[in-house]
Amino acid sequence: MNSRSKVSSLLAELTLEEKASLCLGSDFWHTAPVERLGIPAIMVSDGPHGLRKQPEEADHVGISGSVPATCFPTACALGSSWDPQLVQRVGVALGREARAHGVAVVLGPGINIKRSPLCGRNFEYLSEDPVLSGVLGAAMIHGIQSQGVGTSLKHYAANNQETDRLRVSAEVDERTLREIYLAGFERAVTQARPWTVMCSYNKVNGTYASEHAWLLTTVLRDEWGFDGLVVSDWGAVHDRVAALVAGLDLEMPPNLGVSDAAILTAVRTGQLEEGVLDTAVARVLQLIDRAAATTEPPPVLDADAHHGLARAAAAECAVLLKNEGHLLPLRPAAGDTIAVIGEFARTPRYQGAGSSQVNPTRVDVALEELRSGVPDQVEVAFAAGYGIDTTDHDEELAAEAVALAGRAEVVVAFLGLPAADESEGFDRSHMDLPANQTALLSRLADANANLAVVLANGSVVRIAGWEQHARAVLECWLSGQAAGGAAADLLLGAANPSGRLAETLPLRLEDTPSYLNFPGEAGHVRYGEGIFVGYRGYDKLDRDVSYPFGHGLSYTSFEYADLTTNLTGRHQDGDLVVNLTCRVTNTGGRRGKDVVQLYVGDPQASVARPTRELKAFAKVELDPGETTAVHFVLTPRDLSYWSTVQNDWVLEGGEFELAVGASSRDLRLTTTLDIAAPPPPVRLDAMATLQEWLADPTGSTLLRKAVGADATGRPNGILGNEELMVVVGNFPISTLAGFPGFGLTHPMVHTLVDQVSRSDEASSGGAA
Ligand code: BGC
């Protein structure tokens, strides 16, 4: 029996009570079984960067433990890899661990846009850009689901802060939703088909995401073709019946005794059609069936291999922000001393707190890894320098570190955010490193100019106040259980940095586009910066930043050349494609990886558009002297904006700027391309303006004919007075009909609207 007929025959046998029970979990992590019909319960578990399978006494926020599992780099790190193949490999490993532990669905990836550096959960999210988030989110889904384990793409939608997250209403206009906050979900859903999507806690424009029919049904299912199950975030349902009607299939955890009773009453009183319930139940059964379809025996896990992958992945995620005089990689000679300073070198911080917190199988310590990685007769000396549970200055620790720095050849300072600074559940109030760390840094620099900083933080920290003290800065994010090993590999040159910033590093918090509106107040957060999130905002305002989106250095160098474009097809025929090719050469002395980024701008747009937007990227690996060709393909959607007038994506014909670069502000090759597209239709009615009527060929002909001309051919009324037309061109024609001497009357307007709509019908093949 195929899955669909199995689901419908089960549906026919279920009682109303059983159906209601299936739309709620049976406990924190399981769906409800129906033993009578052999319907098993399946288990779901967090989380995006490692499995967090909790024992029975679940608390869901990571306080009680979970089974040991590989803690891979968190999303903020994976986002910086710009490497979908790598993310997919991590997903495969995560899927294997889930299968081995009998978990049917992994609750991730989380792809919410990093709207502000302050969001407490930024470490769980990939990027400030929807293309990067969508591509990498899709890769994670592909990886996990390739193992017969489902995913839950979360948190849908506009969940970009922790402040008041269970109640706040994100006030976002539709264009901004479509272009920024939904676009990554759209890509991941359409390209990777997650088994489930998790709705967010918050409201979107006044309606809880869990009750949002437009989000959960119109957009997700009707437009994007999602055929999986929608699950609530844990505790996101407030009205079970309204949520069912909107398209929310499974409530977690079960609000037992309340939600099932509400469903039963609603069906019995006719308030809820049983068919709506059946649809949700069918989706739950389909999910259970998908999980059961994997009949292969659970894999035997190789913890060492997964740790190795975690280490390689962490190395790919680190972003080398600066490297003056090629201070890195370190090249210690026999007899040298490397001063490793900072408690984080000994007590690593490698993941964030909350529901994603993994119980690692083991943890690499950077200090030990450096000690075992250096050549003989090189001393790796350590001083803690500061305490991590306090921002208070400890003079004894600082003095010891400064003395060590003074006698070493080179200093590596491990700095970062204390665990208490960033977590699920609350937002940060600033983006600074603790004062005891930055104060120490300036003294270390006075003692030794050969100073490199290694950072551990989940969301960007301000570096403008202190980066002048460091010749090199390596941003390692929260990079999972092997972060310490990866840091040693990078510092000693066993690995070559290839991460790129997935979010802009601003000079100050006050510069961030969302600053004036984050995190809102009185239950509302207004997304006032609109589409100008992250680099889209900094670039539009021409604001200096510490390091731009897409930035990251390597121990080698790359040159770009020979950008060619080739346009085929026509937009109006539906087959327009723009092909771009360029060549990238490794011009340095080491094998390394570069991320080639393609940005598109539409300077002639009739609506406000970002200066440039990332549309594609490719990570390439090259030997010294090696050259490779990189190809990109753009479709009309990549050139379009969301038009709230057309209620659709609109490609405006004209000149586009295409730029290939090594960051959003390091554009190496640029070109312009003229792309023809018919103007979008304008609805010509009585409220359309004189200019709009005249801009439309049919409208203009009809209007000119109606107004008429004198014997010399000069148009009558307003059409004969060009000066006045400039002033009143933006008046609706129904208003102009009320002005004497303009040659228009209300009956004429009526007839014109009638004529133009009939001509529209005729050109679209008739009204029938
Ligand atoms: C989080 C989700 C998580 C769920 C289950 C919620 O509080 O927002 O991301 O998957 O808990 O732990």
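**Note on salt bridges, sheet and cavity**

1. Asp666 and Arg668 form a salt bridge (a Lys or Arg side-chain nitrogen within 4 Å of an Asp or Glu carboxyl oxygen), with the closest N and O atoms 3.0 Å apart. Asp666 is partly exposed at 30% relative accessible area. Arg668 is partly exposed too, at 35%. The cut-offs are under 20% for buried, over 50% for exposed and partly exposed in between, with a 1.4 Å probe and protein chains only.

2. This is a predicted model: local features need pLDDT of at least 70, side-chain atom pairs need 80 or more, and totals for chains, interfaces and linings use all residues. Residues are numbered from 1 along each chain as its sequence is written, and side-chain values use heavy atoms, without hydrogens or water.

3. The whole structure holds 51 salt bridges. One of them joins Arg283 and Asp249 at 2.7 Å between the closest N and O atoms. Both residues are buried.

4. Lys593 and Glu316 also meet in a salt bridge, 2.8 Å from N to O. Lys593 lies in strand β22 and Glu316 in helix α12, so the pair ties together parts 277 residues apart in sequence. Helices (H or I, at least four residues) and strands (E, at least two) are DSSP runs, numbered from the N terminus. Lys593 and Glu316 are both buried.

5. Five strands make an open parallel sheet, ordered β1-β3-β4-β6-β9. Pairing requires at least two DSSP bridges between two strands. β4 and β6 pair over three bridges.

6. The lining of the largest cavity divides into 11 nonpolar residues, one polar and one charged. Nonpolar covers Ala, Val, Leu, Ile, Met, Phe, Trp, Tyr, Cys and Pro; charged covers Asp, Glu, Lys and Arg; the others, Gly among them, are polar. A cavity is a set of points on a 1 Å grid over the protein atoms alone where a 1.4 Å probe fits but cannot get out, and lining residues have an atom within 4 Å of a point.
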